[in-house]
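Colleague: I have a model open and would like to learn how to read it. Can we go through it one feature at a time?

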Amino acid sequence: MANNDNTNPLPLQGLRVANFGWVWAGPVVGQTLSFLGAEVYKVESRARIDINRNLPPFAEGEPGPDRSLQNHAGWAGNGSITLNLKLDAAKELAKDLVAQCDVVVENFGPGAMDALGLGYDVLSQVKPDIVMLSMPTAGLSGPLKDVRTYGMSLTSLAGLDSITGYVGGDPIPVENAFSDPYNGIMGAFAVLVAVTYRDRTGRGQHIDYSQQEAIMQLTGPAFMDYAINGRTEGPKGNRHPVAAGAPHGVFPCAGDDRWISIAVTNDEEWQGLVAAIDEPDWAASDDFAAAADRLQHVDTLHEQLAAWVAQFDDRELAARLQEHGVAAAPVSDVSDLLSDPQFKARGTFIEVTHPLGFKETIYGAYVKNSVSKPVVRPGPQIGQDNDHVFRELLGIDEARYRKLIDDEVIY
Amino acid sequence: MAERALEGLRVVELSQLVSGPYCGKLFADFGADVIKVEPPQTGDRARHWGPFPNDEPHPEKSGLFFFLNTNKRGVTLDIATDQGRETLLELLRDADLLIENNRAQTMRDWRLTYDDVSAYNPDLVMISITPFGQTGPYSDWNGYDLNAYHLSATGHRYCGRPGEAPLEHGAFSADFYGANAAAAWGMAALYGRGVVGGGQHLDVSCAEVIAAVFVGAQNIGGYAANNVFERRTGVGMPLGAPATILPCKDGHVWMLALEPGQWNGLAGVMGNPDWMQLEMFQDMFVRAQNADAMYPLIQQWTMEHTKADIMEWCQAAGCPSTAIYTVAEAAEQPHLRERGYIVDIEHPLLGKMRNIGAPFRLPACPGGPASPPPLLGQHNDEVYGGLLGKSDGEVAGLRAAGVI
């Protein structure tokens with residue numbers, strides 16, 4: 001589905017993408033490119049419904065692969081065509097589509113596209129300058145390349161899980177695939193870097209994108225401590241990741257499960273905090289005089305601060321601390337995302353009408369461009385772009401198109 | 001070395017700490033000429049954040065600064081002075097991209113808003129990355145990664161035990177999410193300047209990016225429709241099991257066996273104990289309801305074995321369990337060594353430094369860190385003299401005035 005509007009030029013207009021990506025990371029690659037103007041078709045099939053299409057809850061409580069409210073935000077922007085890739089005729093149509101694309105995206109395991117007869121060797125014959133992004137868990141080569149993880153456990157291989165948890169305790173799992181949308185956006189960056197190179201040199205390529213390596217960049221600061229000092233530490237809680245300041249944490253406020261985050265990384269902010277608390281005796285202790293002292297006595301510092309914070313409403317306290325120059329903000333729960341004045345002011349979440357007619361709330365442009373405003377399309381409804389792609393783009397006549405549908409090739 | 005993908009692209013980075021510099025690094029990794037502009041004397045604040053060798057602070061020895069600033073050139077400039085501001089505008093005149101992560105009020109004070117800089121170079125793309133964004137009631141707030149991250153509900157929803165503190169991941173998670181989004185959207189804005197008719201300003205809020213694409217993606221539709229929402233449970237997956245982190249003999253493992261084949265694979269690895277045949281453990285949902293009974297039984301077994309053995313045996317049996325690698329173990333993986341992900345870079349003060357490589361591989365035009373981060377003001381002469389064509393006398397004058 002093209003994002004074309006002459007009054008609102010989007011920078012990737014004219015870029016066409018065949019997105020074989022599934023679940024979450026691959027679709028977010030397509031979404032990112034689509035928000036910025038690319039024409040993106042998710043290639044999927046009713047023969048094997050993408051598991052994310054069946055995530056509850058569903059629109060109006062009615063289950064169905066086009067009604068997953070938990071899926072549409074992450075997929076919005078992708079178009080959809082259906083091809084049953086077990087069938088040779090469908091593979092040929094996929095190749096015909098790729099011949100008219102700039103980019104192919106997939107996030108299966110290594111070799112899966114080759115097994116389908118749609119590997120880079122084949123697709124680069126169909127379209128010599130194709131940019132193909134393959135983003136398996138641990139890359140296309142190496143002894144761990146066939147490792148199996150879930151999205152939420154992939155971070156274990158990057159060292160990231162080992163630093164997540166309460167200080168002194170066991171690692172605590174992150175309860176969803178934190179790296180999936182991260183890799184989806186980074187995958188879009190990878191595609192655009194490669195397309196820039198293609199435009200200058202005429203050369204396409206097969207991007208070897210290891211989700212493990214991309215998310216391991218977040219472990220970089222801790223990695224450097226190991227590289228420099230041979231030191232490797234356990235969970236860091238909410239402490240400063242490189243121990244550059246204290247207090248640094250979240251503290252319970254008045255109310256049910258309400259918290260505030262407070263981060264102090266220099267003397268000016270510390271003095272602001274002390275002033276906001278009305279100069280209590282404990283803050284004058286030598287234990288908290290200099291930044292190094294505050295780090296050394298971080299536990300008692302946090303206890304003192306928590307005792308004071310507990311009486312306040314999180315939002316009122318954040319505003320009060322900000323008046324003193326202290327970096328503080330409410331800790332949101334999911335419901336706050338729709339009511340928080342910052343997200344409301346920025347239009348972070350929007351209500352759209354799905355092609356099937358129901359209304360749903362998804363996120364919109366999560367970066368604000370001064371010129372190019374993404375046109376955010378909900379869905380996609382499975383196969384919504386079949387007519388356009390097979391008949392107009394590939395020029396298939398009505399009779400053959402009907403037969404391909406009857407034969408469950410387009411399915 | 002093969003020609004790199006972003007050769008010919010010039011980036012000016014007016015950024016400190018994590019978000020802006022990581023965004024700049026992504027461009028530098030793939031061959032853009034990134035000129036980092038730092039305040040004279042003190043430099044980027046990251047120079048004063050560790051890790052340092054033996055924990056002794058030194059502005060040229062910060063591991064954080066090293067990681068975030070490879071492949072860049074570095075100059076010093078006092079933007080707050082008229083001469084400094086003029087010099088920055090000269091740099092921007094021929095630049096493609098400006099990356100900044102200063103507070104909005106600071107940019108206004110410096111008279112370096114998008115309106116100001118685009119008047120000098122209408123083709124310039126400008127990226128602003130801040131915790132909360134350029135608009136909205138929090139836009140002038142002070143903030144760091146921790147504040148942005150927790151405003152996004154990521155911790156409240158997904159990380160921590162019920163009733164206890166929501167957790168950051170021990171990293172700069174929101175800063176990295178913001179930097180990543182800035183790079184992708186910035187790259188698109190650069191790519192499409194011909195279509196769009198010039199440059200534009202990209203306003204990135206780290207809190208908004210992670211709130212939208214991670215938490216919002218799989219929560220907001222359901223919450224808006226049904227007015228109910230979930231919170232952290234402290235368990236990997238509360239509705240399916242086993243799916244959580246368990247201790248083992250030498251650390252921890254991510255124990256996952258949800259589908260029947262995975263569960264049967266795990267049973268085989270564990271020697272087919274009788275309890276695994278009980279009715280109460282026959283599918284992932286029932287197992288989750290009986291998790292309090294099941295996890296201790298699995299843990300008895302994991303405590304007898306190492307993470308490496310558990311991962312190897314499970315993976316071979318079709319069960320996707322993995323080792324929780326410590327940072328050291330992650331760094332020492334033969335897999336990453338074989339793929340060339342771990343690289344060595346020579347630094348004038350730190351000697352040979354190990355670093356991690358590019359986030360992805362482009363076989364036709366490889367990227368990744370190759371040269372060390374700049375010493376403070378290292379490239380003043382070649383940038384102000386060579387690039388801007390100032391005479392030796394002019395450069396000396398700026399230096400004497402404390403502008404550089």
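Colleague: Which side chains does R231(B) meet in a salt bridge?

Modeller: A salt bridge is called when a side-chain nitrogen of Lys or Arg lies within 4 Å of a carboxyl oxygen of Asp or Glu. In this predicted model, R231(B) pairs with the side chain of D256(A), with 3.5 Å from N to O.

Colleague: How many salt bridges are there between chain B and chain A?

Modeller: The count is eleven.

Colleague: How should I read the size of the interface?

Modeller: The size of an interface is often given as the accessible area lost when the parts come together. Here chain B and chain A bury about 13,200 Å² between them, and carbon and sulfur atoms give 64% of that area. On the chain B side, W185(B), Y191(B) and Q218(B) lose the most area to chain A, together 7% of what that side buries.

Colleague: How many residues does each chain bring to the contact?

Modeller: Chain B supplies 153 residues and chain A supplies 151.

Colleague: What about chain B by itself: which secondary structure elements does it have?

Modeller: Chain B has 19 helices and eleven strands. Its C-alpha atoms fill a box of roughly 85 × 50 × 40 Å along the principal axes. Of the 404 residues in chain B, 63% are buried, where buried means under 20% relative accessible area.

Colleague: How many charged side chains does chain B have, positive and negative?

Modeller: There are 29 positive and 47 negative side chains in chain B, and the centres of the two sets lie 2 Å apart.

How values were computed:
Residues numbered from 1 in each chain as written. Chains lettered and ligands numbered in written order. Predicted model: local features only at pLDDT ≥ 70, side-chain atom pairs only at ≥ 80, totals over all residues. Heavy atoms only, no water. Helix = DSSP H or I, 4+ residues; strand = E, 2+ residues; numbered from the N terminus. Buried < 20%, exposed > 50% of the residue type's maximum accessible area, 1.4 Å probe, protein only. Lys, Arg positive; Asp, Glu negative; His and termini not counted. Charge placed at Lys NZ, Arg CZ, Asp CG, Glu CD. Contact = heavy atoms within 4.5 Å. Buried area = accessible area lost by both parts, 1.4 Å probe.
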